[in-house]
Amino acid sequence: MASIDLDKVLDKAWAEKGLSEILAAPVAALKGVSERDGELLDEAFGVKTVADLAALKYVRWAQALAALDAAAK
């Protein structure tokens, strides 16, 4: 089972929220992602929420490539 320290990946306002609420949150809920970053992601890829970002095929492709590289080491 996967786990993650929400305090490390979410802005403080979102760290205590439920998972479904976090996934529906704007990408700016992620620590280090600004409102402007969120606007640019929306303009470029139609990404509005954390769930949209997770489902973005380019993100999944990059994760798969990284996993292949890690497995090869």
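In this predicted model, T49 makes contact with L23, A24, A25, P26 and V27, leaving aside residues up to four places away in sequence. T49 itself sits in the loop that links α3 (35-45) to α4 (50-55). Its relative accessibility is 18%, so T49 counts as buried, the cut-off being under 20%. The side chain of T49 also comes to 3.0 Å from the backbone nitrogen of D52.

Two of the residues touched by T49, A25 and V27, belong to the largest nonpolar core, a set of 10 residues that also includes L10, I22, A29, L30, V47, V50, L53 and L56.

With a relative accessible area of 41%, Y58 is partly exposed.

For the protein as a whole, the secondary structure consists of 5 helices and 0 strands, giving the pattern α-α-α-α-α along the sequence. The C-alpha atoms fill a box of roughly 40 × 30 × 20 Å along the principal axes. Buried residues account for 19% of the 73 residues, and the accessible surface amounts to about 5,500 Å², with 61% of that area belonging to carbon and sulfur atoms. Finally, among contacts between residues at least 6 apart in sequence, 18% join residues at least 24 apart.

How values were computed: Residues numbered from 1 in each chain as written. Predicted model: local features only at pLDDT ≥ 70, side-chain atom pairs only at ≥ 80, totals over all residues. Heavy atoms only, no water. Buried < 20%, exposed > 50% of the residue type's maximum accessible area, 1.4 Å probe, protein only. Helix = DSSP H or I, 4+ residues; strand = E, 2+ residues; numbered from the N terminus. Polar contact = N/O pair within 3.5 Å; in protein donor to acceptor, adjacent residues only side chain to side chain. Contact = heavy atoms within 4.5 Å. Core = buried A, V, L, I, M, F, W, Y, C linked by side-chain atoms within 4.5 Å. Areas by Shrake-Rupley, 256 points an atom, 1.4 Å probe, with all protein chains shown as cover.
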